[in-house]
Amino acid sequence: MAGHNQSWKEFNENPVSHSMAHYLVTIRDLHAKQGYARVSDVADSLEVTKGTVSVQMRHLKEKGYVLEDDNRHLKLTEAGENVARQVIYNRGTIIQFLSKVLEIDPKQAEIDACKIEHLLSPETGHQILSLVQLILSDDPAAKSLLKKLKIARRAVPELVSQKEK
């Protein structure tokens, strides 16, 4: 249990916050879509004010994730690109695991993946993807495991949400 008392501190030591991850991915997406990204583009895409984006860009520049050129175009550094790619990879992996393996509603799977996509280490994301690929494979043991999981799900009572009480 001593490890648990220290591991919770790792959450706050994560170099990228939830919102930072969204900004990095948005800049990456805008570059892929239109070849550039400006503060106004990021603001429009994330439905926030330009002032909010400017504050976040200052933090991302300080951390070495974003550059801004003379035309005020934003560009991810190599480090920023790596973080954005890892977040996208983790998001896809978690969505697959939740929706295809655990059969969580796809919209809820997306919401839940969004909450944790930036927190997973590359190793954990890779291992979860390996598990998903195995479980969804044509391997007879994997198909048997999925059947057993469905049976087990039916045996566990649904949780009653606080709203329903």
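## Terms and basis of the model

A residue counts as buried under 20% relative accessible area, as exposed over 50% and as partly exposed in between, with a 1.4 Å probe and protein chains only. This is a predicted model, in which local features need pLDDT of at least 70 and side-chain atom pairs count only at pLDDT 80 or more, while totals for chains, interfaces and linings use all residues. Residues are numbered from 1 along each chain as its sequence is written, and side-chain values use heavy atoms, with hydrogens and water left out.

## Confidence

The protein chain has an average pLDDT of 89, and 88% of the residues score at least 70, pLDDT being the predictor's confidence in each residue, from 0 to 100. Over residues 161–165 pLDDT stays under 50, and for this stretch the model has one contact beyond four places in sequence, where contact means heavy atoms within 4.5 Å.

## Salt bridges

The whole structure holds 10 salt bridges, each defined as a side-chain nitrogen of Lys or Arg within 4 Å of a carboxyl oxygen of Asp or Glu. One of them joins Lys-150 to Glu-103 at 3.2 Å, N to O. This pair links distant parts of the chain, 47 residues apart, with Lys-150 in helix H9 (residues 140–155) and Glu-103 in the loop between helix H6 (78–101) and helix H7 (106–116); helices (H or I, at least four residues) are DSSP runs, numbered from the N terminus. Lys-150 is partly exposed at 37% relative accessibility, and Glu-103 is partly exposed at 44%.

Glu-103 also forms a salt bridge with Arg-153, whose closest N and O atoms are 3.1 Å apart. Because Glu-103 lies in the loop between H6 and H7 while Arg-153 lies in helix H9, the pair ties together parts that are 50 residues apart in sequence. Arg-153 is partly exposed, with a relative accessible area of 28%.

A further salt bridge is formed by the side chains of Asp-138 and Lys-143 (3.7 Å, N to O); Asp-138 is exposed at 65% relative accessible area, whereas Lys-143 is partly exposed at 43%.

## Packing of H3 and H5

Helix H3 (residues 18–34) packs with helix H5 (residues 50–62) at an angle of about 95°, their axes being 11 Å apart; axes are lines fitted to C-alpha atoms, for helices over the stretch in contact, and angles run from 0 to 180 degrees between N-to-C directions. H3 is therefore roughly perpendicular to H5, a class that covers 65 to 115 degrees. Among the residues making the contact are Tyr-23 and Leu-24 of H3 and Val-53 and Gln-56 of H5.

Key
Helix = DSSP H or I, 4+ residues; strand = E, 2+ residues; numbered from the N terminus. Parallel < 35°, antiparallel > 145°, perpendicular 65-115°, else oblique.
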